[in-house]
Amino acid sequence: MKAVQLIVHGAPGQLVCGEAPDPVAGPGEVVVRVRACGLNRLDLWMEEGSVPGAPPLPRILGGEVSGDIIAVGPGATHARIGDRVAVQSNLFCGECEFCARGEESLCLKGRLLGVHRDGGFAEKVSVPERALVGLPEQVDYDTSAALTLAASTAMHMLTHRAQVRSADWVLVIGGASGVGSGAIQIAKGLGARVVSTGSTEEKRKFATELGADYAVDSERPDWPAEVRQITGKRGVDLVVEHVGGEVLGKCFECLARGGTIVTCGATAGRETALKLWPFFVKEQKLIGSYGRRREDILTTLQWAAAGQLKAAIGGIYPLAETRAAFDALRQRQVMGKVVIKP
Ligand SMILES: [Zn+2]
């Protein structure tokens, strides 16, 4: 089959499009003919070699897979050849105490598709049957590949790790990103008033077109003051954060009394200082969020099927142009999601 393999780390790394052995459906596994696969920050971290615990190269990256089942391995009991599916990229054991209560994001043996085993920037991929989620007929492959990882991450943050009350103020960092574009739509769908940040006029316009009520310029050093002004100096109830570093500190400047920051990433830095005095005096919360549960993907696809959540696709690339897709995401030129189509 045709596949894109990362053979040397770097920014850019060496991504080679060529022939690779066809994957085989092992016990409890299926082979999916990949129709589309979303590109994510995780793929860039893999490219750079900055994912803790990632095994040695070569590796086929890509975790946000949609496609059709073309082979079913021994012991896989529910999957049928021809089924249209999405794949839950955070592969889980299904047996540990956390999986037993439906918290697959906390799985003790959690592995990531495209990190710990070959992913979807290829014509075919083998995955455990338990990671499959059936695609509703209203949801096409591209939409699925743009939503099942990034938007389900936002769904997990906004509906499981934190809660949104109607008329709450929600700040979405980086509204033109994959997680951000999902978070704006989900927060609006839950009845919130949404402020987004964006580093360019184009990205801010994109955020407001997705439903954000306000978009502030994150290149201005005093952007938190603008957020406070928009909310009548009160601050926001919830921040959806995925950038980390100094941005996380600025999010606290935007936060109301009793407010919550939920964070799922650290693109801009993996360490940050915390001002403890205002944090406890204002009874604020900082919540970590990692990936998603199966339930979050089901909800995300239901919202998509009902037309409540749109795939904000900024670019579709053929497999042979995967290199260019990585460049576009790394250079922050992308609005919404990038999808690769084998
Ligand atoms: Zn588990």
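I first looked up what covers the buried residues of H10 in this predicted model, and found that the cover includes strand E6 (84–87), strand E10 (132–134), helix H3 (141–147), helix H4 (150–161) and helix H5 (178–189).

I then listed the buried residues of H10 themselves, which are Asp296, Ile297, Thr300, Leu301, Trp303 and Ala304. They cover an arc of only 155° around the axis, so they lie on the same side of H10. I noted beside this that an α-helix has 3.6 residues a turn, so residues three or four places apart point the same way.

I checked the length of H10 (residues 294–305) as well: at 1.5 Å a residue its 12 residues should span 16 Å, and the end C-alpha atoms are 17 Å apart, which agrees. After H10 comes Gly307, for which I noted a positive phi, near 80°.

On the H4 side I recorded Ala151, Ser152, Met155, His156, Thr159 and His160, and on the H10 side Asp296, Ile297, Thr299, Thr300 and Trp303. By class, this contact has four nonpolar, six polar and one charged residues.

Last, I looked up H1 (residues 41–48) and H11 (residues 322–330), which pack at an angle of about 105° with their axes 10 Å apart, and that makes H1 roughly perpendicular to H11. Arg41, Asp43, Leu44 and Glu47 of H1 meet Arg323, Phe326, Leu329 and Arg330 of H11, and I classed the contact as three nonpolar, no polar and five charged residues.

Definitions and conventions. Residues numbered from 1 in each chain as written. Predicted model: local features only at pLDDT ≥ 70, side-chain atom pairs only at ≥ 80, totals over all residues. Heavy atoms only, no water. Axes fitted to C-alpha atoms, helices over the stretch in contact; angles between N-to-C directions. Helix = DSSP H or I, 4+ residues; strand = E, 2+ residues; numbered from the N terminus. Parallel < 35°, antiparallel > 145°, perpendicular 65-115°, else oblique. Contact = heavy atoms within 4.5 Å. Nonpolar A, V, L, I, M, F, W, Y, C, P; charged D, E, K, R; others polar. Expected span 1.5 Å × (residues − 1). Buried < 20%, exposed > 50% of the residue type's maximum accessible area, 1.4 Å probe, protein only. Arc of directions from axis to C-beta.
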